[in-house]
Amino acid sequence: MAKKVVATLKTGTGKNFTKCIKMVKSDKTGAYMFKEGIIANDQVKEFFAKN
């Protein structure tokens, strides 16, 4: 199953997206959390710019 998904992302419209993972510090506890998402290539800089 995983091979099929990876093959789909490598061809076709899957090349237009990037999986982004950002580490964000929590204001309440001070602990770090990870925010991740699959973002269009032209919106990657905006994803990392905002909190």
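**Notes on the aromatic pair and the fold**

1. The structure holds one aromatic pair. The partners are Phe47 and Phe48, with ring centres 5.2 Å apart and planes at 80°, so this pair counts as edge-to-face. The cut-off behind that label is a plane angle over 60 degrees. Keep in mind that we are looking at a predicted model here.

2. Buried or exposed: how does Phe47 come out? Phe47 is buried, its relative accessible area being 14%. For that label the value has to be under 20%. Phe48, its partner in the pair, is partly exposed, at 42% relative accessibility.

3. Phe47 has another neighbour worth a look. Which residue lies over the face of its ring? That is Lys22, at 4.9 Å from the ring centre. So Phe47 turns up both in the edge-to-face pair with Phe48 and under Lys22.

4. On to the fold. The chain has two helices and two strands, and reading from the N terminus the order is α-β-β-α.

5. How much of the chain is buried? Of its 51 residues, 20% are buried, and Phe47 is one of the buried residues.

6. A word on contacts. Take those in the chain between residues at least 6 apart in sequence: 26% of them join residues at least 24 apart.

7. Last, the surface. The chain exposes about 4,700 Å². Carbon and sulfur atoms supply 59% of that area.

Terms used: Residues numbered from 1 in each chain as written. Predicted model: local features only at pLDDT ≥ 70, side-chain atom pairs only at ≥ 80, totals over all residues. Heavy atoms only, no water. Helix = DSSP H or I, 4+ residues; strand = E, 2+ residues; numbered from the N terminus. Buried < 20%, exposed > 50% of the residue type's maximum accessible area, 1.4 Å probe, protein only. Contact = heavy atoms within 4.5 Å. Areas by Shrake-Rupley, 256 points an atom, 1.4 Å probe, with all protein chains shown as cover. Phe/Tyr/Trp six-rings, centres within 6.5 Å; stacked < 30°, edge-to-face > 60°. Lys NZ or Arg CZ within 6 Å of the ring centre and 35° of its normal.
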